[in-house]
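Dear colleague,

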Amino acid sequence: MFKNQPKGLYILSLANTGERFGYYTMIAVLVLYLQAKFAFDSTISGQIYGIFLAMAYFLPLIGGWIADRWSFSKCVVLGMAIMFAGYLVIALPSGLRSREAMVFLFGGLALVSIGTGLFKGNLQVMIGDLYNATKYASQRDTGFNLFYMFINIGAVFAPITAKVITNFALSSEGLVYNMQLPALCNAFIDGDSSRAQEIISVASAAGMEVGGSVLAFAERYMSALSTGYGYAFAVACVSVVLSYAIFALGKQTYAHIITEKAQGSEKKAEQVKGAELTPEQTRQRIVALLLVFGVVIFFWMVFMQNGATLTLFAAECTAPEAYGATRIGFNIWALCLISIAVFALFGVFQNKTVASRSVSALVLVVCAAGLWWFYATTPNPLTDIQPMEYQQFDPFYIIALTPVSLSLFAWLARSGREPSAPRKIGYGMIVAALAYVVMILASLTCTVENGQVSGSVSPNWLMGTYLMLVFAELLLSPIGISFVTKVAPPKYKGAMMGCWFAATAIGNYLTSIPMMLWGKMSLPLMWGILVGVCLLAALFIFSIMRRLEAVTSEASGEEMVEPTPDGEELLSC
């Protein structure tokens with residue numbers, strides 16, 4: 001997996017890892033922050049969440065257009081600077097429910113969206129350009145899977161970071177997190193005095209003293225909680241600085257693919273001329289990409305529920321404790337050991353030398369011992385699980401399953417049965433539908449009454465749903481990005497990558513629809529709507545599969561190279 005890859009892949013991927021760590025630390029708490037800081041309900045917070053995600057993924061369309069005419073690398077650097085400014089603005093101290101806080105919030109989110117538009121898509125185009133060289137062309141899909149894994153190394157630590165800094169802010173005020181208190185305190189601050197006794201009871205059970213004024217306690221609790229969530233934006237500032245340092249210090253590994261406007265050399269002109277397509281070929285490729293983008297919209301609509309309705313389900317319908325083996329799923333270091341163990345297991349079977357296999361076996365034994373230690377020393381039950389912690393399962397599953405995915409498709413490729421990229425995308429939509437079938441089963445005992453959702457199901461339901469969604473994501477997202485860089489006409493690479501993100505943006509905005517339905521219909525029916533959306537999207541892409549596969553074959557034929565011996569050893573390092 002790591003052999004025959006350009007060095008620039010690792011530098012650019014690590015730069016993205018740092019930026020995504022900050023981004024997902026913020027995303028892990030954004031809805032919770034909106035509800036704590038401003039007392040927004042699920043409809044309003046869902047709209048803000050959806051609009052922000054939509055802008056963050058739509059603006060790469062404009063960022064790609066700018067980069068096509070200016071410079072991909074300069075757009076990436078400018079995007080980092082603007083993101084830093086955005087995170088900093090939101091992290092500035094401000095009063096609970098104040099106008100000043102709202103100005104900081106919307107101004108900061110706008111800057112983060114603009115910065116992401118300049119950074120995200122253009123960095124991925126740069127990675128795609130690393131594989132234009134004949135030496136690396138056959139490794140493009142593997143490279144994007146590695147890139148996707150690096151993104152999630154940053155993302156996996158984001159939720160636990162958000163939890164730690166939130167608990168720090170609360171403990172500095174002598175408070176602790178309780179999943180019932182935010183809604184109770186907001187209701188009391190809004191004038192519902194009947195909540196006073198319930199607040200006193202819940203707070204006392206959690207070991208907190210309310211004191212003489214319930215209102216003063218409620219305001220102090222919500223202020224401390226929103227401050228803790230706000231620290232996530234400060235963490236994002238630091239992560240962007242680290243990303244820039246990696247990008248700048250490793251420039252020599254990718255300098256050869258930087259396209260500056262002033263570099264119109266004769267060699268470059270010849271390369272562009274050689275890659276030029278006929279108008280009909282260009283049209284066919286753009287139409288094929290647009291059809292795929294139509295399916296991508298609905299995938300991101302259902303997938304990005306992890307920060308929306310799935311977070312609300314974790315907060316309102318899932319028991320805040322875990323038993324047995326489930327406990328170690330909420331220990332980030334145990335998850336790291338599991339990921340390392342998966343790679344070590346593949347190393348035992350795939351490494352060529354006895355020495356390297358022995359090292360892999362030793363690593364596997366050490367990981368197994370560490371996991372046993374975590375299992376034996378973790379309290380049973382593990383209590384006080386916070387809603388944002390569930391978001392660590394998505395990146396963890398991606399990291400752990402990437403070698404499994406690559407091995408499976410390498411085996412299928414050797415036997416001539418590997419599905420085409422469009423077919424993988426269709427299968428991804430079917431798997432996403434199955435994920436929400438799991439949520440239907442999980443929600444059968446949950447109730448909706450007067451707009452309030454309640455229940456107490458096992459954390460295993462959400463963990464299983466995230467697992468299924470990751471299977472779908474691995475089939476669709478890295479493969480889709482690779483598909484765009486392969487099929488896009490050379491003169492429109494930036495714009496087509498921007499269109500990929502524009503489709504993602506529309507899907508992200510549509511996440512607000514289930515948020516509007518939250519508390520207004522039964523949960524099984526709401527999840528059932530998402531199942532139907534996935535199945536209709538899958539039916540559509542399979543109905544146009546011949547057209548998509550024809551374009552894919554044509555694009556692949558242009559960059560076919562002889563396979564290298566290194567390419568057959570998937571996980572040899």
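**Serine 45 and its surroundings**

The side chain of S45 reaches the backbone oxygen of D41, at 2.7 Å. Please keep in mind throughout that this is a predicted model. S45 lies in helix α2, which covers residues 42–69, and S45 is buried, with a relative accessible area of 0%. Leaving aside neighbours within four places in sequence, S45 is in contact with V31, L34, Q35, F40 and M515.

**The nonpolar cores**

The largest nonpolar core holds 179 residues, and those that touch the most other members are Y87, Y221, F313, W500 and W527. Helix α1, made of residues 7–38, gives the most to this core, with 16 residues.

**Cysteines without disulfides**

How many disulfides does the structure hold? The structure holds zero. For C446, the closest cysteine sulfur is that of C317, and the two sulfurs are 4.1 Å apart, which is too far for a bond because a disulfide needs the sulfur atoms within 2.5 Å. C446 is buried as well, with a relative accessible area of 12%. The sulfur of C499 is 16 Å from its closest cysteine sulfur, in C75, so this pair is also too far for a bond.

**Salt bridges**

Side chains of opposite charge can pair when their charged atoms come close. The structure holds nine salt bridges, and three of them are described here in turn.

- E280 and R283 meet through their side chains at 2.8 Å, N to O. These two residues are three apart in helix α11 (residues 279–303), which means that about one helical turn separates them. E280 is partly exposed at 39% relative accessible area, and R283 is partly exposed at 45%.
- E418 forms a salt bridge with K424, with the closest N and O atoms 2.8 Å apart. E418 is partly exposed, at 34% relative accessibility, whereas K424 is buried, with a relative accessible area of 3%.
- R195 and E198 meet in a salt bridge of 3.7 Å, N to O. R195 counts as partly exposed at 29%, and E198 counts as partly exposed at 36%. Together with D192, R195 and E198 are linked in a network of salt bridges.

With best wishes

Methods: Residues numbered from 1 in each chain as written. Predicted model: local features only at pLDDT ≥ 70, side-chain atom pairs only at ≥ 80, totals over all residues. Heavy atoms only, no water. Core = buried A, V, L, I, M, F, W, Y, C linked by side-chain atoms within 4.5 Å. Buried < 20%, exposed > 50% of the residue type's maximum accessible area, 1.4 Å probe, protein only. Helix = DSSP H or I, 4+ residues; strand = E, 2+ residues; numbered from the N terminus. Polar contact = N/O pair within 3.5 Å; in protein donor to acceptor, adjacent residues only side chain to side chain. Contact = heavy atoms within 4.5 Å. Salt bridge = Lys/Arg side-chain N within 4 Å of Asp/Glu carboxyl O.
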